[in-house]
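Good morning, and thank you for making time for this presentation. I shall speak about domains, strands and chain contacts, in that order.

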Amino acid sequence: MMSGLSAAGSGYRRILKLQLLALVPVSIAAVINGGYQYLLVLAGDPGRAGDDLRSNLAAGLGASYENPGLYDWLAAGLAHFLPMLLLALVVGGFWERIIAAQRKRAIEPGFVLVALLLTLLLPGSAPFSHIVYGMSFAILLGKGIFGGDGKTFISPALLGVAIVQVSFPSAAGEHPLWQGLAGYAGSDAIALFHRGGETALAEAGIDLWSAFIGSTSGTLGTTSLLAVGLGAALLLVTRIIAWRLLLAQLIGVAVVATLFNFSANAAGAAAMPAYWHLLLGGFAFGAVFIACDPVASCCTNPGRWIQGFLVGALVILIRVTNSTHPDAVIPAMLLASITAPLIDHLVIAWNIRQRARRHV
Amino acid sequence: MPGSLDLETRAVTSAALLGPDYRRVSFELLCKEGDEVKAGAALMRDARRPEINLVAPAAGRVARVERGARRKLLSLQIDVDDTLGAVRHDPPADDERSTLRGFMLESGAWSSLRTRPFGNIPHPEAEPAAIFVTALDAEPFAPEPRRIIDAWFDEFRSAVSALEKISAAPVYLCHAPGHTLALGESDRVRRVAFEGGESAGLPGIHINALCPIGFAGGEVWHLGYQDVIALGHLLLRGTTWQQRVVSISGSAVKNPRCVLVTPGAAIDELLADELIDGPTQMLAGSPAYGRRLAPGQNFLAAGQRQLTVRATSVAEAETAQATGGVVIPDDRLERAAPPGIYPVPLLRALQLGDAERARELGALELVEEDVAALSRACVSNSDYGLLLREVLNQLEAGQ
């Protein structure tokens, strides 16, 4: 028996470490921007500070909303980010342990990545009960029943977040970090664009630069295109994610967004140029860390082109035509992820047909 | 020695024919331990296809016939003694297909042909869809085929014209770009230049590009440039070519270079005084496509052109298993995959031992060397060469 090694061989651990390393810039951006957004809201309305653990922790660490500096942002950000991550890790570890005992194998380390991804995809104000709920679904339904690390069929973190989104569609509360969010659906900036175009964005203090470095409101990890880009570069250089899949998503976004731009009555989000789609909301983060999950995406090169284009196209389609779901990244990626085995099946069938036509 | 090639000749006292190099052959011994044999004398033949001879790579005394599980022949070892001379074959009387085939079978040259699919010695009466001559080698630290072919150009030319006549199929001469092979004009000898990375010299790549294997049950044949020279040597001089150019390289080799050595030479003699101290790991072949030598495997394999010896730490002795962990479909696999093959579905089929699926996904186009890079790139630590061979054995048995 080689139970201890089943998926967690040295090669797999190397991939996992690199995936975690690629999330470091995003995590740093998440902490700083989380604190920044929190203190920004408090500066406007000091009465918004709640009496929950995270707010008390931020206050206890001495994060001040008056002339906040890097320390204040870090303290306030960590006060939100760390408890969420720790809770996700504890819940994930708990289920992983039970699964490992049931399956009589060693504990697989993949739940660490799932916990981090889930945390980064949630608002900093997500109730702890929702994190427990989402993480349980992610590990049990997303990973455990499919056989564990390396055998998942959709990205477990994606499933966890989707379940939370569907179950608590109007979860936004009074906490400062719900500010600027459409509940779990993520950034409200696209809805702003829906209503008033770039003027509305400018009024909310969002310009190209702030959206690029990520000083806008949003779910924790998704705001900074810069940080996501750094992580993507690492994953591309180490060949963990398929560049075709990533490029195809960008092409999908560019093509469909441009088509909408040129459509007859381009108004609202239909008039939104492709680069804003990339900058706002969770698309960039999802494209790199969720849709490009090597295990849960297409595993043939033509399939990767098709699936990538599908993701990009679906994100724009839902964003533009369904104003109640302004971010659209989670449902689009869920749909595309489910079609991946079908796409692969068709690609392989075509490949076999080509082979059957040869005469030797 | 002809030509411009100035290589050191390493003399060895022991050489062998290795059983695993000749798949699907039921060896019938034509000699016994203690016999004295001339170079090129038939030592064994295939009991099922008795025309196929396996001949002595050098003159000497048959020292040992080593057998493994189920009395499978592992090696037939010869203590080299050059004074015994060589068998002289009369050159073929005419250019008829049957005469030439008879000459190749008798002299042992036939046994250097390999079929694709499966990598067997072709049947003496079989008709290939094409014959591939591999006249380039893109693997790191490989001997330079251009210089070797130029040094033995007469042999090479006469062998190619003989290969052209043993079947009605085209002979593809796969060479490096810029290598002008000044052979006589013939419409059936087609020169094709291949360039690219380290895989550009693999026969599997050439076959896929020029005459890809499908499901129709046909086969193509291929052989390496040194085997072509050996055939030419037999045609022109009537004796077995008792030399091969082998490159020894790797981080544990003091003086990496090419040497001339008896085919099937004992590796420990070949490497005497060549290695640095400390633990090493040996690869039959290049760092890119070589296979790890099993412990106790001490002779150069048929057609082997390279020996790589790497310095290792003892802790690194992690060996690949037949079945390892899960395949993580990262992008490195796509780079390591042979052309036209979707690596992840194929690797999964190989891991499951699903022969039918593997066949559909192109397993018939491949042999062990084509998936060596995949074994290295995949995190599952599986030896896909072993798994592929199991699947090929199943497919072959089903034909």
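**Domains, strands and the chain contact**

In this predicted model, the C-alpha centres of domain 1 of chain B and domain 3 of chain B lie 26 Å apart. The contact between these two domains draws eleven residues from domain 1 of chain B and eleven residues from domain 3 of chain B. On the domain 1 side, helix H4 of chain B, residues 203-210, supplies the largest share, namely four residues. Sorted by class, that side of domain 1 holds seven nonpolar, three polar and one charged residues. For orientation, the bounds in chain B are 89-238 for domain 1, 246-316 for domain 2 and 331-398 for domain 3.

I turn now to the strands of chain B. Consider strand E5 of chain B, residues 42-46: why is it largely enclosed by the rest of the structure? Four of the five residues of E5(B) are buried, and therefore the strand is largely enclosed. For burial, the cut-off is 20 or more other C-beta atoms within 10 Å of a residue's own.

E5(B) has pairing partners that I would like to take in turn. Strand E3 of chain B, residues 27-29, runs antiparallel to E5(B), and three bridges join them. Within this pair, B:Glu28 stands opposite B:Arg45 of E5(B). Strand E6 of chain B, residues 53-55, is likewise joined to E5(B) by three bridges, in the antiparallel sense. Here B:Arg45 faces B:Asn53 of E6(B). E5(B) and E6(B) form a hairpin, with six residues between them.

There is also an open sheet of four strands in chain B, paired in the antiparallel sense, with the order E2-E8-E7-E4. Which strands are at its edges? They are strand E2, residues 14-18, and strand E4, residues 36-37, of chain B, each of which pairs on one side only. B:Glu36 has B:Arg61 in E7(B) as its bridge partner.

Finally, I come to the contact between the chains. It involves 28 residues from chain A and 26 residues from chain B. On the chain A side, the elements giving two or more residues are helix H1 (10-22) and helix H15 (329-356) of chain A. H15(A) gives the most, with five residues. By class, the side of chain A that touches chain B comprises 15 nonpolar, eight polar and five charged residues.

Methods:
Residues are numbered from 1 along each chain as its sequence is written. Chains are lettered from A and ligands numbered from 1 in the order in which they are written. This is a predicted model: local features need pLDDT of at least 70, side-chain atom pairs count only at pLDDT 80 or more; totals for chains, interfaces and linings use all residues. Two residues are in contact if their C-beta atoms, placed from the backbone, lie within 7 Å. Ala, Val, Leu, Ile, Met, Phe, Trp, Tyr, Cys and Pro count as nonpolar, Asp, Glu, Lys and Arg as charged, and the others, Gly among them, as polar. Two strands pair if DSSP finds at least two bridges between them. Domain bounds come from an automatic or database domain assignment. A residue is buried if 20 or more other C-beta atoms lie within 10 Å of its own, exposed if 12 or fewer, and partly exposed in between; C-beta atoms are placed from the backbone.
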